[in-house]
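This report is meant for someone meeting the structure for the first time.

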Amino acid sequence: MEINLLIQEMTLLGEKKIQLLKKAWELTEKQAQHCTEEQFFEFERLVNERQKCIDEMKTLDQSFEEKSSLLKKALSIHSLDEIDVNVYPVAQRLKKVREDIINHALRIKSLDDENKKVLEKLLHETSLELKKIRQGKAANQLYQYESPGSGGFYFDTKK
């Protein structure tokens with residue numbers, strides 16, 4: 001396969017991944033807005049939708065990696081950074097796309113870490129509430145003592 005064509009295909013795969021990363025960013029932002037107990041189901045829907053993006057990215061990454069291996073072998077290099085842009089000018093665009101992918105991924109990770117902290121706080125608060133409920137239930141059972149009487153009525157038969 002021609003090297004320029006291979007680089008162009010890798011660039012297109014990278015651009016598709018950037019589009020998926022942008023979509024994942026939007027979903028992550030929406031998740032940040034729905035990190036509340038009341039909106040948990042919407043948050044879960046967004047997580048599932050984002051997972052679909054991630055699965056698509058994995059497919060693109062596999063194709064990219066296959067083409068990358070072919071390119072490295074054809075050029076006898078170990079890293080894509082070693083491609084001489086003077087010999088292969090289309091590689092400049094590929095390098096730019098790779099940088100954009102890294103920047104988008106870092107942005108998403110940063111926001112995702114913030115979301116994780118909020119969710120951990122919400123989980124902690126919920127577990128404290130459940131603990132209080134269990135303690136209240138146990139205390140309530142202690143005060144609802146029933147006497148083990150016969151269950152019947154007493155009739156006085158003396159006249």
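A residue is called buried here when its relative accessible area is under 20%, and exposed when that area is over 50%. The model described is a predicted one. Phe-43, with a relative accessible area of 8%, is buried because that value falls under the 20% cut-off.

**The helices α2 and α3**

Helix α2 covers residues 40–75, which makes 36 residues, and it reaches 51 Å from its first C-alpha to its last, close to the 52 Å expected at 1.5 Å a residue. Helix α3 has 54 residues and spans 79 Å between its first and last C-alpha, close to the 80 Å expected at 1.5 Å a residue. The buried residues of α2 are Phe-43, Leu-46, Arg-50, Cys-53, Met-57, Leu-60, Phe-64, Ser-68, Leu-71 and Leu-75, and what covers them includes α1 (3–33) and α3 (90–143). In α3 the buried residues include Ala-91, Leu-94, Val-97, Ile-101 and His-104, and among what covers the buried residues of this helix are α1 and α2.

**How the helices pack**

| Helix pair | Angle between axes | Axis separation |
|---|---|---|
| α2 and α3 | about 150 degrees | 14 Å |
| α1 and α3 | roughly 20 degrees | within 9 Å |

The angle of about 150 degrees between α2 and α3 makes these two helices roughly antiparallel, and their crossing is left-handed. In this contact, Phe-43, Arg-50 and Phe-64 of α2 meet Leu-94, Arg-98, Ile-108, Asp-112 and Leu-119 of α3, and the residues of the contact divide into 5 nonpolar, no polar and 3 charged.

For α1 and α3, whose axes cross at roughly 20 degrees, the two helices are therefore roughly parallel to each other. Here too α1 passes α3 in a left-handed crossing, and the residues of this contact divide into 14 nonpolar, 8 polar and 8 charged.

Thr-11 lies in helix α1 and counts as buried because its relative accessibility is 3%. Leaving out residues up to four places away in sequence, Thr-11 touches Val-90, Arg-93, Leu-94 and Val-97; Leu-94 and Val-97 are themselves among the buried residues of α3.

**The loop between α1 and α2**

Which residues does Phe-43 contact, leaving aside its neighbours within four places in sequence? They are Gln-31, His-34, Cys-35 and Leu-119, and two of these residues, His-34 and Cys-35, lie in the loop between α1 and α2.

Is His-34 buried or exposed? At 17% relative accessibility, His-34 counts as buried, and beyond residues up to four places away in sequence it touches Gln-39, Glu-42, Phe-43 and Leu-46.

Cys-35 is also buried, with a relative accessible area of 10%. When residues up to four places away in sequence are not counted, Cys-35 touches Phe-43, Asn-115, Val-118, Leu-119 and Leu-122, and of these Asn-115 and Leu-122 belong to the buried residues of α3. Cys-35 and Arg-45 are 10 residues apart in sequence, and their C-alpha atoms are 12 Å apart in space. For Phe-43 and Lys-132, which are 89 residues apart along the chain, the C-alpha atoms are separated by 26 Å.

**The loop between α2 and α3**

Just after α2 comes Ser-76, which is found in the loop between α2 and α3. Ser-76 is exposed, because its relative accessible area is 64%, whereas Leu-75 in α2 is buried.

Technical notes. Residues numbered from 1 in each chain as written. Predicted model: local features only at pLDDT ≥ 70, side-chain atom pairs only at ≥ 80, totals over all residues. Heavy atoms only, no water. Helix = DSSP H or I, 4+ residues; strand = E, 2+ residues; numbered from the N terminus. Expected span 1.5 Å × (residues − 1). Buried < 20%, exposed > 50% of the residue type's maximum accessible area, 1.4 Å probe, protein only. Contact = heavy atoms within 4.5 Å. Axes fitted to C-alpha atoms, helices over the stretch in contact; angles between N-to-C directions. Parallel < 35°, antiparallel > 145°, perpendicular 65-115°, else oblique. Left-handed = near helix turned anticlockwise from the far one by under 90°. Nonpolar A, V, L, I, M, F, W, Y, C, P; charged D, E, K, R; others polar.
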